[in-house]
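Here is a quick briefing to read next to the model. Have the sequence and the 3D view open as you go.

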Amino acid sequence: MRTKRNQRSERPDLNAGSMADIAFLLLIFFLVTTTMDTEVGILRLLPPMEKAPQPTEANGRDVYEVNINDANELSVEGIPMDIQDLRSGVKEFMTNPENSLVLPERRSVNRAICEQGIALARSRMLHASDEVSKQVHQKELSTWEHKLAVTELIGDFQELPPNAVIALRTGSRTSYAMYMNVQNELEAAVEDLREALCKEKFHREFKELNEKSSDDRPLIKAIRAVHPQRISEAEPLEVQSIR
Amino acid sequence: MSIFKRGSTKSTPPISTASLPDIIFMLLFFFMVTTVMRETELLVKITLPEASEIIRLEDKALVDYIYIGPPVDPDRGTEPLTQLNGQFARLNEINQWMDWNEARRDQKEVPFITRSRKVDKDTRMKMVIDVKQELRRSNALKINYSAEQDR
């Protein structure tokens with residue numbers, strides 16, 4: 001027994017020092033060949049092909065026309081504009097602080113109006129003669145209910161008309177970098193408005209609201225209802241003229 | 001003095017490095033799990049435009065990429081081309097590519113697929129618009145304009 005023990009202690013330990021080096025090599029290999037970069041960008045929802053909103057001349061005050069021509073020059077409502085002024089321009093369009101007649105008319109929404117709307121839609125639904133009109137009134141009812149929920153969260157607010165839209169058009173030779181700059185400014189303008197509203201009403205930052213948490217989701221929805229992001233990049237002019 | 005020193009070293013054995021490989025292996029596994037291999041080799045040169053209002057896409061597994069930019073290979077000219085997966089594609093092949101991407105996924109995931117367009121910043125809008133119209137025609141409406149953070 002004793003001899004055995006002696007033998008064991010005499011045998012040298014296997015040197016595991018190089019094991020770490022081997023693992024390091026593997027680690028460095030993986031660090032080099034893989035990527036950890038996350039996919040970032042500006043997320044957009046395109047309008048479906050068949051029912052794209054067509055901004056017409058009739059609702060001119062509700063459409064904010066942003067054009068970029070082939071020489072990468074920006075013009076808004078037909079007037080040349082510097083890209084630095086675009087953000088404040090969009091904000092003015094969306095809020096219309098001076099009740100200008102050339103900008104969309106903001107209608108105030110409060111609890112009483114919502115309840116009136118709900119009652120009206122309900123009675124219309126009851127008297128609806130066919131399925132189609134019933135569905136229309138059903139839709140009307142749900143929008144009023146949504147608005148009521150918003151007023152409960154943030155109080156009375158000014159609503160942007162449902163057909164108010166920012167129409168972005170580009171020439172076929174406009175550079176993509178310029179287009180992205182403009183997209184970014186449009187996004188930033190809406191984001192600024194939402195951020196300001198969120199700070200005022202909830203004393204929190206809009207960016208920090210979590211869409212996955214059930215407490216925050218109604219807040220996000222309410223803020224989005226007041227300042228909707230309506231950017232129509234529908235129907236480029238060339239495509240329209242082809243059809 | 002020397003006797004004293006010897007005695008003290010004997011009483012504290014050297015720190016065992018046997019656990020070092022385990023630690024490194026742990027790091028290794030962490031990197032293997034969190035990173036992804038570069039799946040496609042780029043055939044087009046892309047310098048992404050910069051933007052400040054960018055959002056991180058949550059689930060990379062649900063993102064398909066469309067690359068648009070001038071080809072790396074000078075024999076193919078300098079006009080921007082579209083790359084889907086590992087090869088160049090014509091405009092009318094986008095539809096087919098989307099069907100293929102939908103078929104390889106779970107049906108429940110299909111409505112959540114985002115098409116991310118990685119477009120070189122010097123590309124002309126005609127190309128971008130054409131691809132966009134093609135996406136709309138095939139009812140792929142959730143898109144992302146890939147950009148790099150700035151400011």
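Among contacts in chain A between residues at least 6 apart in sequence, what percentage join residues at least 24 apart? The figure is 72%, where a contact means that two C-beta atoms, placed from the backbone, lie within 7 Å. Keep in mind that this is a predicted model: local features need pLDDT of at least 70, side-chain atom pairs count only at pLDDT 80 or more, and totals for chains, interfaces and linings use all residues. Residues are numbered from 1 along each chain as its sequence is written, while chains are lettered from A and ligands numbered from 1 in the order in which they are written.

**The chains**

- Of the 243 residues in chain A, 23% are buried (20 or more other C-beta atoms within 10 Å of a residue's own is buried, 12 or fewer is exposed, and in between is partly exposed; C-beta atoms are placed from the backbone).
- Chain B is split into domain 1 (2-34) and domain 2 (50-149), with bounds from an automatic or database domain assignment.
- Taken over C-alpha atoms, the centres of domain 1 and domain 2 of chain B are 50 Å apart.

**Where the chains meet**

- On the chain B side, 49 residues are in contact with 42 residues of chain A.
- α2, β1 (36-37), β3 (55-56), β7 (114-119), α4 (125-137) and β8 (142-146) of chain B each put in at least two residues on that side.
- By class, the chain B side comes to 26 nonpolar, 11 polar and 12 charged residues (Ala, Val, Leu, Ile, Met, Phe, Trp, Tyr, Cys and Pro count as nonpolar, Asp, Glu, Lys and Arg as charged, and the others, Gly among them, as polar).
- Helix α2 of chain A (residues 17-33) packs on helix α2 of chain B (residues 20-34) at about 15°, with axes 8 Å apart; axes are lines fitted to C-alpha atoms, for helices over the stretch in contact, and angles run from 0 to 180 degrees between N-to-C directions.
- That angle makes α2(A) roughly parallel to α2(B) (under 35 degrees is roughly parallel, over 145 roughly antiparallel, 65 to 115 roughly perpendicular and the rest oblique).
- The contact of α2(A) with α2(B) has 16 nonpolar, no polar and no charged residues.
- Among the residues that meet there are A:Phe24, A:Leu27 and A:Phe30 from α2(A), and B:Phe25, B:Leu28 and B:Phe31 from α2(B).

**A helix pair within chain A**

- Helices α6 (residues 176-202) and α7 (residues 217-226) of chain A pack at about 125°, with their axes 10 Å apart.
- α6(A) and α7(A) are therefore oblique to each other.
- A:Arg194, A:Leu197, A:Cys198 and A:Phe202 in α6(A) meet A:Leu219, A:Ile223 and A:Val226 in α7(A).
- By class, the contact of α6(A) with α7(A) has 6 nonpolar, no polar and 1 charged residues.

- Most residues other than glycine have a negative phi.
- A:Asn96 has a positive phi of about 45° and sits in the loop between α3 (83-95) and β6 (107-109) of chain A.
- A:Asn96 is partly exposed, with 19 other C-beta atoms within 10 Å.
- A:His203 also has a positive phi, near 55°, and is in the loop between α6 and α7 of chain A.
- A:His203 is exposed, with 7 other C-beta atoms within 10 Å.

Technical notes: Helices (H or I, at least four residues) and strands (E, at least two) are DSSP runs, numbered from the N terminus.
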